[in-house]
Amino acid sequence: MSPLSDQSVARLRQALEEPELAGTRYELLAPLGRGGMGSVYRVRDRELGRELALKVLTVEGGARAVERLRAEARILAGLEHPGIVPVHDAGLLADGRPYYAMKLVRGVRLDVFARSNPGRSALLRAFESLCEAVAFAHERGVWHRDLKPDNVMVGDFGEVLVLDWGVGEVGTPGFMAPEQTSGAAVDQRSDVHGLGRILETLLAPDPPRALLAIARKAAAPDPAARYASVRELSQDVARFRDGEAVLAHAESLLERGERVVRRNPALFALISTYAVVRTLLLLLVR
Amino acid sequence: MGSSFPPTRYSVIAGVGSSDPALRRVAWNALVQAYWRPLYKYARLKWRHPREDAEDLTQSFFARALEKSFFDGYDPGKARFRTFLRVCFDGFAANEWKAAHRLKRGGGETPLSLDFVSAEGELRGLEIEDPRDLEAYFQSEWVRGLFASAVGALREECRSAGKLLHYEAFARYDIDPPPEGRPSYEQLGRDLGLPASQVTNYLAWARRRFRAIVLDELRALTATDEEFRAEARTILGVDPG
C-alpha cells in the first residue's frame with residue numbers, strides 16, 4: 001500500500017483513542033482533555049437530550065487502572081455535594097474500557113478565573129467554596145490527593161466544582177505534599193497542603209501578610225505545622241475576609257490598628273472627626 | 001507486513017536473544033521491519049549521506065547488530081528500546097561503519113530485502129536543521145511504520161475473514177478520506193451499499209481490531225509492561241518524557 005500520509009497517521013491516532021460508543025446511549029461530540037489515567041469527552045445523552053462529560057480509561061490502561069477508574073466512579077457517586085461533580089452512569093464500553101458519565105461542567109478553570117481579575121473578595125469566596133467541597137469529602141474519608149487549579153472549575157454563576165477525584169497515587173509537582181513525593185503516609189493534611197499551594201497561586205503580588213501567612217501555614221512542608229483540617233484552613237480564610245485576626249499570623253500592634261481601622265472605617269471616621277473637632281474647640285476656647 | 005509479527009504478547013526484544021533459531025529469526029525480521037525505514041530516513045537527514053551510503057549504513061547496521069548481538073545489552077530500566085536502538089545506530093555510524101566504509105564499501109554481508117526506493121520517495125526532499133526535530137522525526141516515522149504495519153495486518157485479517165467492507169469503511173473514513181473531507185456515515189453507506197447504522201457497526205469493529213493490532217505490535221516491540229505503557233502514551237500524543 002502507499003505510505004500513510006501525516007493526515008492519515010493523525011486520523012488513525014484519533015481512531016485509536018476514541019471511545020467506542022456503539023451500543024451506549026451516548027454520541028461523541030468532542031474531546032475535552034486527557035489525564036494520566038483517562039480521557040474526558042463531551043458527549044450527548046440521546047435518551048435525555050443533554051450533554052455530559054464521559055471519562056474513559058486510556059487505551060493502554062491495565063487491570064489496575066480499570067479498577068481505579070471504577071473506584072473513582074463509585075467514590076464520586078457517594079459524594080453528593082454541590083461542589084463535587086455528580087456521576088450519572090458507569091459501565092464498560094464495547095472496546096472493553098470502563099467509563100463513567102458525569103455532569104458537563106461549563107465554566108473556566110480556577111487559574112483562568114483568577115487571571116480575569118475578579119477581585120480578592122470573589123477569589124476568596126471561590127477558595128472557600130473549594131474548601132467546603134474538599135472538607136465534605138474528607139468527612140466521608142475521601143482524600144483528593146491531586147488538588148491544583150486545573151482540577152477546579154468556576155461556573156458561569158460563580159459555583160465551584162472540584163474535578164478529577166482520581167484516587168490518584170501520584171499528585172502534581174508543585175502542588176503535591178512532600179509526604180506524597182517521599183511515599184510516606186497521606187492524610188487530609190496532604191490536601192490542606194494542596195489547598196495552600198492553590199491559595200498562593202491565587203494571591204496577587206504583594207498580598208496582605210495575614211493572607212500570605214494562611215497560605216504558607218497550609219502549605220508547610222511538615223504536616224504537623226499545617227492546619228489540622230480543611231475546615232480550620234477555611235475558617236482562617238473567613239476570619240481574614242471578615243477583618244478578624246487570623247491564627248496563622250501573630251500581628252504587631254500597628255497591624256492590629258490598621259486591621260481595626262479597615263474593619264470599622266465609619267467608626268474610625270467618626271472618632272477622627274470627633275477628635276479634630278474637640279481639638280479645634282479646645283484651641284478656640286483658649 | 002503485519003503477518004511478520006510474532007504472536008500476541010510476545011516480545012521481539014526478548015526474541016532476538018532467544019536460543020531457539022526459528023524464534024530468533026521471526027523476532028529479528030519483525031524488528032528489522034519495524035525499524036529499518038525510520039533508521040534509513042534518519043541517516044539521510046542527519047548526516048545527509050547519499051542514498052547508496054544510507055542504504056549501506058542501514059544494511060551494515062542490522063548485519064553487525066545480528067552478528068555482534070548489539071541488542072543483548074539493552075536495559076529496559078535505562079531507556080526505551082527505540083531510543084537505545086537509535087543511540088546504537090548513531091554510535092555505529094560514527095565509528096565502526098565509518099572505518100569499515102573506508103576499507104570496503106558494502107561490507108560484504110548478504111543484504112536484507114528492503115524497499116529503499118519507496119523509503120526514499122517518502123522523504124520528499126525533507127530538510128531538518130534542528131537535531132531535536134530529528135529525534136521527533138525518528139519517532140514519528142517509527143509510529144508511521146507501526147500504523148502502516150497494523151493497517152496491513154487489519155486488511156489481511158479482513159480479507160481472510162470475508163470482511164472487506166469493514167476494511168473499506170475504515171479506509172475511506174479513517175485512513176484516506178476524499179480530499180473534500182470525511183464522508184458522513186450516510187454518504188459512506190451509499191458508497192458501500194450499506195445502511196448508515198451498519199456503517200457505524202463496521203467502523204466500530206474495524207477500529208476495535210486496529211486498536212488491538214497496534215497494541216499487540218507495540219507489546220511485541222517493547223521489553224517491559226512499563227515501556228509498553230510509555231510508548232502507548234507517546235503514540236496517543238502524550239509523551240511523559
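This is a predicted model: local features need pLDDT of at least 70, side-chain atom pairs count only at pLDDT 80 or more; totals for chains, interfaces and linings use all residues.
In what follows, Ala, Val, Leu, Ile, Met, Phe, Trp, Tyr, Cys and Pro count as nonpolar, Asp, Glu, Lys and Arg as charged, and the others, Gly among them, as polar.

At least two lining residues come from each of four elements: helix 1 (6-17), strand 1 (26-34) and strand 2 (38-45) of chain A, and helix 10 (196-220) of chain B. The greatest contribution is that of strand 1 of chain A, which supplies nine residues.

The contact between the two chains involves 25 residues from chain A and 30 residues from chain B. Together, chain A and chain B bury about 2,500 Å², with 60% of this area on carbon and sulfur atoms. Ten residue pairs, both members at pLDDT 80 or more, are in polar contact between the chains. Three salt bridges are found across the interface. A salt bridge joins the side chains of Arg208(B) and Glu20(A), at 2.7 Å from N to O. On the side of chain A that touches chain B, helix 1 of chain A provides the largest share, ten residues. That side of chain A divides into ten nonpolar, five polar and ten charged residues.

Conventions:
Residues are numbered from 1 along each chain as its sequence is written. Chains are lettered from A and ligands numbered from 1 in the order in which they are written. Side-chain values use heavy atoms; hydrogens and water are left out. Contact means heavy atoms within 4.5 Å. Buried area is the accessible area (1.4 Å probe) that two parts lose on being put together, summed over both. A salt bridge is a side-chain nitrogen of Lys or Arg within 4 Å of a carboxyl oxygen of Asp or Glu. A polar contact is a pair of N or O atoms within 3.5 Å; within protein, one must be able to donate a hydrogen and the other to accept it, and residues adjacent in sequence count only if both atoms are side-chain atoms.
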